[in-house]
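Hello,

Here is the structure I promised to pass on. My notes on it follow below.

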Amino acid sequence: MALVLEGIVRNGIVWMAIIGMIGSGLLAGVAFAQKPPLLPEKDVAALANELSGETAKRNLEVIATFHRQRGSRGFHSAAELVAERARAYGLSDVAILEFPADGKIFYGTQRSRPAWDAEVGELWEAIEKSFGSPPSKRANGNSDDFDAWSGGAFFLGKKIASYGGEPVVLAEDSESAHVTAELVDVGEGTKESDYAGKDVKGKIVLVSASPGAAQELAAGLVSYAQNQKTAWWGEDENLIRWGHLETFTEHKTFAFMVSLKTERGWKERLTRGEEITLHAVVKAGQHAGNYEVVTATIPGADPKLKEEEIAFSCHLDHQRPGANDNASGCVTILEVARTLQKLIAEGKLARPARTIRFIWPPEIEGTLALLNSDYDSVHPLKLTKNSTKVLENGEVFIEHVDYKGGTAFLPYYKRIKAVVHMDMVGGGPATKAEFHVTRGPMSLPSFVHDVAWAFAEFVNEESYKFAATGKAEYPFVAPEGGKEPLRAEYSAYTMGSDHDVYQDSSFGIPAIYMNDWPDRYIHTNFDTAANIDTTKLKRAAFIGAASGYFLAGMNENGAKMVLSMIDSDRLLRAHLAELHAAAVSQGEASSLIRTYLNGEIDTLSSTRQLVPSSITQKELAFERLYPIQSLANRVGPAVAAAGDGLLKFKRSAQPKGPLAVFGYDYFGDHAKAAGVATPKLFGYEGFWGGGEEYAYEVLNFADGKKNAQEIRDAVSAEYGPVPLEMVVEYLRGLEKIGLVAEVK
């Protein structure tokens, strides 16, 4: 059956938005209400009964007590806890892999950032001794507000911030300091004009920007920067945001983070002409250390396929408490690991053919270290000999070496076939969070997202049925959790976590991304365990566990079931394509629909990447590909490339990884050295994406086969029309810094 939607008319010209619904695919989705998708019902029942949101939250409550900065003592404590739990749950190959981080070694595009630790961070308001005797302590004996300081010309007054009590108040990468200085308000604090006419030498400046954006112009900072913009932005004046200073800078300083309430009080006083003096004591700094990555496995059963892996990923770092971001993702994949291991050991689930790996890294940089390494879980501290390459500019890259005699050191990115990545999956009603199952980028179409959505839609329907009627076979409700329906969203690709690394064209590993957004408490002192819903954790764990377990055991029959899921989900993707097409010109709309249809063809074909024998190309073409391709042809031919549009570029084998990494700008650093100006693409805002998204995908599409016009059309379909000139300028810039080469 082919369903053709027609009727979008512009300027008297009719073009067709086409959805190919083949065979019984249209009906596949409606069956979810009667029975679970893809897995036998006994497997679904076993997972639903065993997964525990409460067990996950108990682990979360411990992890949230650690201030988990990269390479820090707090991160190490969290890593040890996860490893200990993994061993207790009976997982195999449990290890904490160590990757040296000294600021010199590169892991692909990530310059390793030295570890950072803090011991002391206190900010006080100081009172001049000339004003009289020091204020007495409170009658209740609480010495936090007032304390006498015998040195200098000041007494200490109210304590404003204390790292010991609330670590989020001290910005990451702060350096040791002992300063008493006047507070000067400079507004945003990112431009020289903000400092015009103000004497800030030797002063502590008050800024609204992230401290890292202002540190080059100040001796010390206090920032009241707010977290990501949502409908609740700036609403709670008691929130304190997690702050960051630049890792690689000659201008080392310190920064404290304060609430809007504190900032407003100071500004009122400064407006009245009051002088405010602050006293800052910081004992902190960078030091050579390691990225620590915890990993464990459930070995596969098939002698050959067990060398392939389905991975569960999260990120273990972040500020204390960092409950939803991202202790929630870490404990949820830990709960998946416990459940799968227990059910397999008890014979309630069959051991899957492929190995299942669990990974708890520092965000982005730990994942890049893992995928760019030759470390092996059996020998976590030993580098393969002759595996490093020093480039002419002195950068060190860890290279892969393939061993024909075995796969003991087969690089992780060659083992891992798909990833289930969880970053913020437990936000309860207080956070205002909405749960998303996020698709991959258009540069990497994959069926794995349809697998995840099949299970997410099942949970949506069952949880709504329970909420609405009090009855459901699978309510997925935890004893201590809420009873609201899940209402997960099947969302287009968004950036911002480790799934960007896996799906970068260097690695090409499709990733199911499960995440909450918005969350009004993200990156603040209010991201606490109290806001975490155990029911949400259980539901996220089920969607992830069912998806990962199905993929680990997927065979020919499973692949054919997936084709029906793809057919069903095509309606959802087509709806978004239809909305986007209506917002652009006739020519852009035709290109967008053509790109969408070609993506559907690639998604169907992607099943053969995991199960090559699942269906022959001839069968696939006859049953599904040919009808869609014939409809795509009716949209009309693509715009003929001319001039610079004919240029072709191919991505270099090294370095591997996306250019948007943590604490380091690979393109900016290398472009400066090569005399390359900042590409206009970086500042471009499209209808559905911005410069960072365009840049990510332009590099991903540079495969040596697509020309610049085709790359431009692809990213325009994804994020909105963009000038060809901007795409070519960026590709030329990438060429000059050695990331791509022109194909003659």
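How many residues has helix H19 (residues 724-736), and how far does the helix reach from its first C-alpha to its last? H19 has 13 residues and reaches 19 Å, close to the 18 Å expected at 1.5 Å a residue. Please keep in mind that this is a predicted model.

**The chain overall**

The chain holds 19 helices and 24 strands. Of its 744 residues, 58% count as buried.

The buried residues of H19 are Leu724, Met726, Val727, Val728, Tyr730, Leu731, Gly733 and Leu734. What covers them? The cover includes two strands, S22 (648-651) and S24 (740-742). It also includes helices H16 (666-674), H17 (691-701) and H18 (708-719). Gly738 follows H19 and has a positive phi, near 85 degrees.

**H11 and its crossing with H3**

Helix H11 (residues 534-553) has 20 residues. From first C-alpha to last, H11 reaches 28 Å, close to the 28 Å expected at 1.5 Å a residue. Of the 20 residues of H11, 19 are buried, so the helix is largely enclosed by the rest of the structure. Asp533 caps the N-terminal end of H11. One of its side-chain oxygens lies 3.1 Å from the backbone nitrogen of Thr535.

The axis of helix H3 (residues 53-63) comes within 8 Å of the H11 axis, and the two cross at roughly 110 degrees. Angles of 65 to 115 degrees count as roughly perpendicular, so H3 and H11 are roughly perpendicular to each other. On the H3 side, the contact uses Gly53, Glu54, Ala56 and Lys57. On the H11 side, Thr534, Leu537 and Lys538 take part. By class, the residues of this contact divide into 2 nonpolar, 2 polar and 3 charged.

**H13 against H18**

H18 also meets helix H13 (residues 586-605): their axes come within 9 Å and cross at roughly 90 degrees. That makes H13 roughly perpendicular to H18. H13 brings Glu588, Ser591, Leu592 and Thr595 to the contact. H18 brings Arg712, Asp713, Ser716 and Ala717. The classes here are 2 nonpolar, 3 polar and 3 charged residues.

Is Ser174 buried or exposed? Ser174 is buried, with a relative accessible area of 0%. Its place is the loop between strand S7 (154-162) and strand S8 (177-185). A polar atom of the Ser174 side chain lies 3.1 Å from the backbone nitrogen of Ala255. Not counting residues up to four places away in sequence, Ser174 touches Trp116, Leu245, Thr253, Phe254, Ala255, Ala284 and Gly285.

Asp117 sits in strand S6 (residues 115-128). At 13% relative accessibility, Asp117 counts as buried, because the cut-off is under 20%. The Asp117 side chain reaches the backbone nitrogen of Arg73 at 3.0 Å. Leaving aside neighbours within four places in sequence, Asp117 is in contact with Gly71, Ser72, Arg73, Ala284, Gly285 and His287. Asp117 and Glu172 are 55 residues apart in sequence, yet 8.5 Å apart in space, C-alpha to C-alpha.

**Backbone points to check**

Most residues other than glycine have a negative phi, and most peptide bonds are trans. Which places depart from that here?

- Trp517 and Pro518 are joined by a cis peptide bond, with omega about 0 degrees. Pro518 lies in the loop between strand S21 (511-516) and H11.
- The bond from Gln654 to Pro655 is also cis, with omega near -5 degrees. Pro655 is in the loop between S22 and H16.
- Leu38 has a positive phi, near 70 degrees. It is in the loop between helix H1 (25-28) and helix H2 (41-50). Its relative accessibility is 10%, so Leu38 counts as buried.
- Ile364 has a positive phi too, near 60 degrees. It is found in the loop between strand S15 (355-360) and helix H7 (365-371). At 4% relative accessibility, Ile364 counts as buried.

Best wishes

Notes: Residues numbered from 1 in each chain as written. Predicted model: local features only at pLDDT ≥ 70, side-chain atom pairs only at ≥ 80, totals over all residues. Heavy atoms only, no water. Axes fitted to C-alpha atoms, helices over the stretch in contact; angles between N-to-C directions. Helix = DSSP H or I, 4+ residues; strand = E, 2+ residues; numbered from the N terminus. Parallel < 35°, antiparallel > 145°, perpendicular 65-115°, else oblique. Contact = heavy atoms within 4.5 Å. Nonpolar A, V, L, I, M, F, W, Y, C, P; charged D, E, K, R; others polar. Expected span 1.5 Å × (residues − 1). Buried < 20%, exposed > 50% of the residue type's maximum accessible area, 1.4 Å probe, protein only. Polar contact = N/O pair within 3.5 Å; in protein donor to acceptor, adjacent residues only side chain to side chain.
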